[in-house]
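Hello,

Here is the structure you asked to look at. Please open it alongside this email; my notes follow below.

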Amino acid sequence: MLLTIDVGNTQTTLGLFDGEDVVEHWRISTDPRRTADELAVLLQGLMGSHTAVNEAAVEGLAICSSVPSVLHEFREVTRRYYGDVPAVIVEPGVKTGVHVLMDNPKEVGADRIVNALAANHLYGGPCIVVDFGTATTFDAINARGDYVGGAISPGIEISVEALGARGAQLRKIELARPRNVIGKNTVEGMQSGILYGFAGQVDGLVDRMARELAKDPDDVQVIATGGLAPLVLGEAGSIDVHEPWLTLIGLRLVYERNRPS
């Protein structure tokens with residue numbers, strides 16, 4: 001089996017593949033203070049607690065990270081605890097098959113390249129990936145499968161925390177759908193502004209990007225992923241597909257391209 005690990009700024013997503021199928025998955029907090037030994041114990045505990053996978057040997061590892069300090073510790077995990085297992089870490093020099101048409105391709109996060117690879121593999125281009133994470137990122141892939149650029153906006157949780165911290169009479173709220181768009185109290189008003197405001201942002205940005213990306217914007221597929229995507233799915237009319245494991249699928253594809261013989 002292949003263990004895939006996507007280290008995000010806030011959360012780390014792990015998926016265990018049997019062939020092309022995700023047979024188990026986990027989501028944990030990203031903590032830069034965790035050592036390699038702590039990470040190894042956490043991984044072994046997660047896998048060992050599930051009867052479906054506790055006897056299956058990990059035959060490969062694929063990792064991408066947005067947090068350099070955590071990536072350093074995961075390198076140590078692969079060396080100390082999975083030394084005999086082929087490991088692929090997405091970084092410069094690793095073959096992805098994605099041509100990055102940016103002023104400085106090295107600026108593009110590994111997870112965004114991996115998402116582009118998976119989106120083009122699953123749905124073809126042109127397409128736009130909307131990843132709802134710490135930041136909400138919009139990534140554009142043309143008809144040839146090239147990564148042509150994107151947009152970055154503050155994530156939903158960041159916005160909620162900032163609103164609660166900076167508003168004198170506001171507070172942190174649960175991310176939930178309010179009864180009405182017109183809120184009848186402060187909490188519902190904040191929930192409405194966050195939910196429908198972000199849905200409107202997604203639709204507006206996707207519409208503008210699609211018109212730049214293709215002669216016929218209707219040809220552009222829009223794929224949503226990320227931990228907070230379900231919150232917006234029912235309200236953003238521009239989203240065509242929800243693929244929660246898009247990054248993990250991309251990691252599997254990268255591993256297959258770079259797997260040692």
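Thr-4 has Gly-15 of strand E2 as its bridge partner. The model is a predicted one. Strand E1, residues 2-7, pairs with E2 in the antiparallel sense, and six bridges hold the pairing. Helix H7 (residues 246-258) packs on the sheet and touches E1, E2, E4 and E5. The direction of H7 makes about 125 degrees with that of E1.

E2 (residues 11-18) is also joined to strand E3 (residues 21-29), by eight bridges, and these two strands run antiparallel. Gln-11 has its bridge partner, Ser-29, in E3. Two residues lie between the strands of this hairpin, where Gly-19 takes a positive phi near 70 degrees.

How many strands does the open sheet have, and in what order? There are five, ordered E3-E2-E1-E4-E5, and the pairing is mixed. E3 and strand E5 (87-89) are the edge strands, each pairing on one side only. From one strand to the next, the twist averages 15 degrees.

Helix H2 (residues 68-81) lies across E1, strand E4 (60-65) and E5. H2 runs at about 170 degrees to E4.

Which residues line the second largest cavity? They are Thr-12, Ser-29, Thr-30, Asp-31, Arg-34, Leu-39, Val-70 and Phe-74. By type, this lining divides into three nonpolar, three polar and two charged residues. Ser-29, in the lining, is also the bridge partner of Gln-11.

Regards

How values were computed
Residues numbered from 1 in each chain as written. Predicted model: local features only at pLDDT ≥ 70, side-chain atom pairs only at ≥ 80, totals over all residues. Heavy atoms only, no water. 1 Å grid on protein atoms, 1.4 Å probe; cavity = no way out; pocket = protein on both sides within 12 Å on 5 of 7 lines; lining within 4 Å. Nonpolar A, V, L, I, M, F, W, Y, C, P; charged D, E, K, R; others polar. Pairing = 2+ DSSP bridges. Helix = DSSP H or I, 4+ residues; strand = E, 2+ residues; numbered from the N terminus. Axes fitted to C-alpha atoms, helices over the stretch in contact; angles between N-to-C directions. Contact = heavy atoms within 4.5 Å.
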